[in-house]
Amino acid sequence: MASVLVSAERLIDGRGGDPVPDAGVLVEDGLIAWVGPVAAAPDADERIALAGTLLPGFIDAHVHFALPGGGLDLGKLLVEPPPVRVLKIAAAMGATLRAGVTTVRDLGFLGPSLAALTDATPAPRLLNAIAMLSSTGGHGDFPLPPGLDPAGLLALLDVRAAIADGPDAVTRMARELMRDGADVLKVAATGGISTPADGPDDEGFTLAELRAIVEVAAARGRTVAAHAIGTAGIATALDAGVHSIEHGFGLTPDLAAQMASQGTFLVPTLTVMAQTGDPAVLGQEVYEKAARWRDRLQGALRLAMDAGVRIATGTDAGLGSHHGANLGELAHLESMGLSPMAAIVAGTSTAAAVCGLESEVGTLEPGKRADLVVAAGNPLDDLTTLTDPDSITLVLQNGKVVKQKSSATA
Ligand SMILES: [Zn+2]
């Protein structure tokens, strides 16, 4: 297979060190064979030399491809013809990839047959949770419109309900999800901001239930991502040994210290919270609830940073934001006090570690998969060169060009 040298005005390798000027990556057989200054580059069959900045492909550790973005309208979703829905999900996958996101974790609503779309359409590498494990009346227990046959409807939509109570039942449910292809398990450790039957201060599962899920996941090499907003649910999820806390707005200094010492990741999903500012969209009650938690974001992020918690990018894309705007999360992280370089690390090497893929993706190092992104400008001066998909001029996945803007050649 032909080797390709991809180079740009500067290279940021995803590990947090200084950018390397006029540097490139040699791609061979889908992998990175060499990284360094262009002047010292080995011979290549082909060269792609671009203006701007060469970076690792980005990773969004929290998306929902099966949700359309722009506010969740369950009624509309239920009447959408399945072929239309399939094409919209394929479009969401393509838009995400073209935005420079070459790997995602989908944390719910994408059933196994929809996940198989990634074999047939341009899409990020996918780790799929299939569904969110939830207790009865918990965050994942959605009431369906009356008069509908839930089993038939969910099967048609390829949406899995994963409601279980007690350690034995949650163990079985977790095993069923893994049997059906779950790469990661998602649990509702607290209620949500918009769920009718419980709220962020309510705990979704007991410690015994969460421990059972973590144990059965670990036995099969999977990790557990916990939706956890309120303090009590975060504490229980941490005691159970979950791998990542999603949202985490109710963090305290003690819990931040526990996360740092246990190596638990925080995926703060600032993008979805930034979209809870409109009472007309959400309704007054949900809007007020969201506003109370939004006020705690900055403090939670500060505690996490001070304690040394590893923070990773996740957007909740599909729930609030449209697919393909994923790297806006980097600018939100910057607005919370991370440096542009720290935000890039959150979106590359740290997010790779959240996915358990740190030996394969997330940095530009020899031996890793050749997932590469070129952005037109310098993100260390201005992150909008990453957050605007139009300024992403080149995307390679496994060494294959999946997007190239021809006008961008230097
Ligand atoms: Zn989510």
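1. Before we get to the helices, a word on how angles work here: axes are lines fitted to C-alpha atoms, for helices over the stretch in contact, and angles run from 0 to 180 degrees between N-to-C directions. Helices (H or I, at least four residues) and strands (E, at least two) are DSSP runs, numbered from the N terminus. Keep in mind that this is a predicted model, where local features need pLDDT of at least 70 and side-chain atom pairs count only at pLDDT 80 or more, while totals for chains, interfaces and linings use all residues. Residues are numbered from 1 along each chain as its sequence is written, and side-chain values use heavy atoms, with hydrogens and water left out.

2. Start with helix H8 (residues 253-262) and helix H11 (residues 284-307), whose axes sit 9 Å apart at an angle of about 45 degrees. That angle makes H8 oblique to H11; under 35 degrees counts as roughly parallel, over 145 as roughly antiparallel, 65 to 115 as roughly perpendicular, and the rest as oblique. Their crossing is right-handed. The handedness rule goes like this: if the near helix is turned clockwise from the far one by less than a right angle, the crossing is right-handed, and if anticlockwise, left-handed.

3. Who touches whom in that pair? On the H8 side you'll find Pro253, Ala256, Ala257 and Ala260, and they meet Leu303, Ala304 and Ala307 of H11 (contact means heavy atoms within 4.5 Å). Sorted by class, this contact of H8 with H11 has seven nonpolar, no polar and no charged residues. For the classes, Ala, Val, Leu, Ile, Met, Phe, Trp, Tyr, Cys and Pro count as nonpolar, Asp, Glu, Lys and Arg as charged, and the others, Gly among them, as polar.

4. Next, H12 and helix H13 (residues 340-347): their axes come within 9 Å and cross at roughly 135 degrees, and H12 and H13 are therefore oblique to each other. H12 passes H13 in a right-handed crossing. Leu330, Leu333 and Glu334 of H12 meet Pro340, Ala343, Ile344, Ala346 and Gly347 of H13, and by class the contact of H12 with H13 has six nonpolar, one polar and one charged residues.

5. Now a look at the sheets. An open sheet of three strands runs in the order S6-S7-S8, with parallel pairing (two strands pair if DSSP finds at least two bridges between them). Strand S6 (58-63) and strand S8 (125-128) stand at the edges with a single partner strand each, so one side of each has no neighbour in the sheet. On average, neighbouring strands here are turned by 15 degrees against each other, direction ignored. S6 is joined to strand S7 (residues 101-106) by four bridges, and Val63 has Asp106 of S7 as its bridge partner.

6. What coordinates the zinc ion? His62 (NE2), His64 (NE2) and Asp316 (OD) do, at 2.0 to 2.1 Å. Donors are N, O and S atoms within 2.8 Å of the metal (3.2 Å for Na, K and Ca), and water is not among the atoms, so sites may look incomplete. His64 lies in the loop between S6 and helix H1 (74-78), and Asp316 in the loop between H11 and helix H12 (328-335), so the pair ties together parts that are 252 residues apart in sequence.

7. There is also an open sheet of five strands, ordered S9-S10-S11-S12-S13 and paired in parallel. Strand S9 (132-133) and strand S13 (265-267) are its edges, each with a single partner strand, so one side of each is left without a neighbour in the sheet. S9 pairs with strand S10 (residues 185-188) over two bridges, and Leu133 has Val187 of S10 as its bridge partner. Helix H6 (residues 207-219) lies across S9, S10 and strand S11 (224-228), running at about 175 degrees to S10.
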